Amino acid sequence: MHFTCTTPLYYANAAPHMGSAYPTIAVDCLTRYYRLLGYQVLMVTGTDEHGEKIATAALKQGLDPQTHCDQIAAEFQRLWQVLNIKYDRFIRTNDPRHAPVVQEFFQRVWARGDIYRAAYEGLYCVDCEEYKDPKDLIQDLCPIHRKPVFLRQEENYFFALSKYQTALEEHFARHPDFVQPVIRFNEVKGWLKEGLRDFSISRAAVRWGIPLPPDPEQTIYVWFDALLGYLTALLAPDDEPCLKNALAGGWPAVHVVGKDILRFHAVYWPAMLLSAGLPLPERIFGHGYLTKDGLKMGKSLGNVLDPFALVEEFGADAVRYYFLKEIEFGQDGDFVRTRFIHTLNADLANDLGNLLNRTLGLLRKNCNNQIPTVTIPLTDPLRQQTEAMTQQTAQAYEGLHFPRACESALEIARFGNGYIDQRAPWKLFKEGHRVEAEAVLYAVLEAVRIAAVLLAPVIPELSGRIWSQLGFAPAAYAQLTWATTEWGGLPSGQTVAQAVPIFLRLEQETLA
RNA sequence: GGCACUGUAGCUCAGCGGUAGAGCAAGCGGUUCAUACCCGCUCUGUCAGUGGUUCAAAUCCACUCAGUGCCA
């Protein structure tokens with residue numbers, strides 16, 4: 001079974017921000033989960049590098065577009081590295097192997113008779129790379145960018161999107177999960193209800209792009225080009241760049257996209273694929289926006305969240321955990337520093353980290369750092385709770401309910417703390433009930449071990465630290481599978497490592 | 001304006017027909033094996049409002065108010 005999941009291909013006009021990091025973290029988490037399950041996984045991310053806006057951005061810095069894109073792509077890759085994103089493919093739409101795929105695709109659509117040439121005159125926003133309807137303008141400015149629009153006339157090539165209205169409606173009806181969450185699907189269906197209009201897929205005035213096969217004077221509209229990046233990305237390193245090879249590489253995929261680009265993914269892209277006679281994506285998930293302290297982030301407000309700085313201060317796992325655990329994927333989410341610190345301390349340091357730490361301490365004092373030889377009965381409450389939570393966590397991941405997944409895994413730690421308190425193994429040892437005491441320690445450590453596996457997609461580094469403290473070799477963790485969530489995987493007699501806090505409490509700076 | 005969605009404890013949210021829930025925060029008590037941690041107990045709620053359907057409604061329907069999203 002294969003599982004391919006894509007992040008948006010980020011537009012290479014500016015350095016990455018938290019808004020690009022967020023969906024990438026989510027996709028990384030999801031694909032890590034499917035890797036644990038043993039799927040043949042492909043995580044795809046990359047940059048969208050064509051279009052006038054890129055050329056302009058490059059010019060502003062006195063760079064040629066290529067150099068500019070090289071720098072931006074490198075920044076993204078650096079961010080993915082510090083965030084511990086395990087991507088398989090980083091596709092740049094400027095990759096020499098991309099153009100042949102786009103052109104082949106174009107030819108298929110062309111052969112189908114779905115592309116025609118027509119004159120177009122209208123008000124054009126360079127930042128959107130789109131024509132604007134005069135009624136949508138605000139004081140003659142682009143409503144999105146608040147910048148002047150220009151009267152532009154050109155002969156363009158159009159894609160006959162309107163032909164696919166019915167086919168799309170049928171596909172939506174047959175696949176009730178095609179777009180998630182439902183609220184987003186409703187929006188998409190609403191667009192269809194309003195009727196589809198053909199859209200221009202070429203630009204006469206843009207040089208920085210892929211030439212149109214029938215008319216090399218024009219370039220292919222950046223979105224038409226970018227969406228195909230998802231296919232090019234599937235090519236194996238030594239594949240000939242063609243559609244057949246790309247499709248064989250792991251199509252169809254699940255797309256994770258921001259709600260702002262949902263139209264392109266849920267309407268344009270499926271229609272394009274239908275026209276080319278290719279299978280549609282499996283699912284499209286539209287996530288929400290991030291705010292900071294309840295406010296929209298933006299340069300004008302000066303409240304942008306720099307993901308590099310966050311990782312620098314708190315570490316990759318902390319950042320990953322906060323955004324996955326505290327924000328329902330699909331809804332808008334807020335970043336609040338105090339909440340960030342609270343959550344991490346409560347969940348990772350206090351509940352989970354401290355549980356491991358206190359138990360390892362007991363093991364050192366009483367068992368010479370060795371995992372005792374005991375059998376925990378099926379009826380043991382901690383064992384039962386752990387097994388139940390394992391099921392819940394799996395279900396949560398599959399539904400992309402990351403907060404629920406974290407919550408379920410954490411429930412093991414919460415329960416474990418109650419369990420150890422109630423049984424008080426420190427007292428049992430003193431009173432000479434060695435067997436009972438050892439059983440408690442084993443059960444708790446085993447529960448923590450399993451919780452670490454459940455959380456591995458979210459906090460891979462931390463989970464690894466838990467495993468190594470439990471005495472596992474790095475190779476054992478590197479080859480982790482979901483099967484290791486089965487109770488009893490902690491080998492008796494194994495010597496554990498020295499107990500060091502796996503996650504240090506974050507200091508809450510005192511507020512004036 | 002049209003079409004959606006949301007409104008539940010101080011905060012973030014779950015529940016979506018059968019006597020109001022979780023986490024965090026707050027208060028009280030306990031414990032010291034542990035990262036000043038953990039455990040137990042407690043607290044606040046006309047489940048936005050009004051009306052309706054039903055033996056029964058936070059849960060279904062209608063309307064009202066407030067907020068949000070989408071409309072190439």
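**Close-up 1. Strand β13 and its burial in the predicted model.** Strand β13 covers residues 283-287, and five of its five residues are buried, where buried means under 20% relative accessible area with a 1.4 Å probe and protein chains only. Strands are DSSP runs of E with at least two residues, helices are runs of H or I with at least four residues, and both are numbered from the N terminus. Arg283, Phe285 and His287 point one way from β13, while Ile284 and Gly286 point the other way. In a regular strand the side chains alternate between the two faces of the sheet.

This is a predicted model, in which local features need pLDDT of at least 70 and side-chain atom pairs count only at pLDDT 80 or more, while totals for chains, interfaces and linings use all residues. Residues are numbered from 1 along each chain as its sequence is written, chains are lettered from A and ligands numbered from 1 in the order in which they are written, and side-chain values use heavy atoms, with hydrogens and water left out.

**Close-up 2. The strands paired with β13.** Two strands pair if DSSP finds at least two bridges between them. Strand β12 (residues 254-258) runs parallel to β13 and is joined to it by five bridges; here Val257 stands opposite Gly286. Strand β7 (residues 179-180) is also parallel to β13, with two bridges, and Gln180 has Phe285 as its bridge partner.

**Close-up 3. The protein surface near RNA strand B.** Around RNA strand B there are 33 residues, the closest being Gly195, Asn350, Asn354, Arg358 and Phe503; a residue is near if one of its heavy atoms lies within 4 Å of the strand. Of the atoms of RNA strand B that come within 4 Å of the protein, 69% belong to sugar and phosphate. Helix α13 gives the most to this surface, ten residues.

- Trp191: 2.7 Å to a sugar or linking oxygen of RNA strand B.
- Asn350: 3.4 Å to a phosphate oxygen of RNA strand B.
- Arg358: 2.5 Å to a base nitrogen of RNA strand B.

Helices α6 (182-193), α13 (337-367) and α15 (402-423) are the elements that give two or more residues to the surface near RNA strand B.

Methods:
Polar contact = N/O pair within 3.5 Å; in protein donor to acceptor, adjacent residues only side chain to side chain. Buried < 20%, exposed > 50% of the residue type's maximum accessible area, 1.4 Å probe, protein only.
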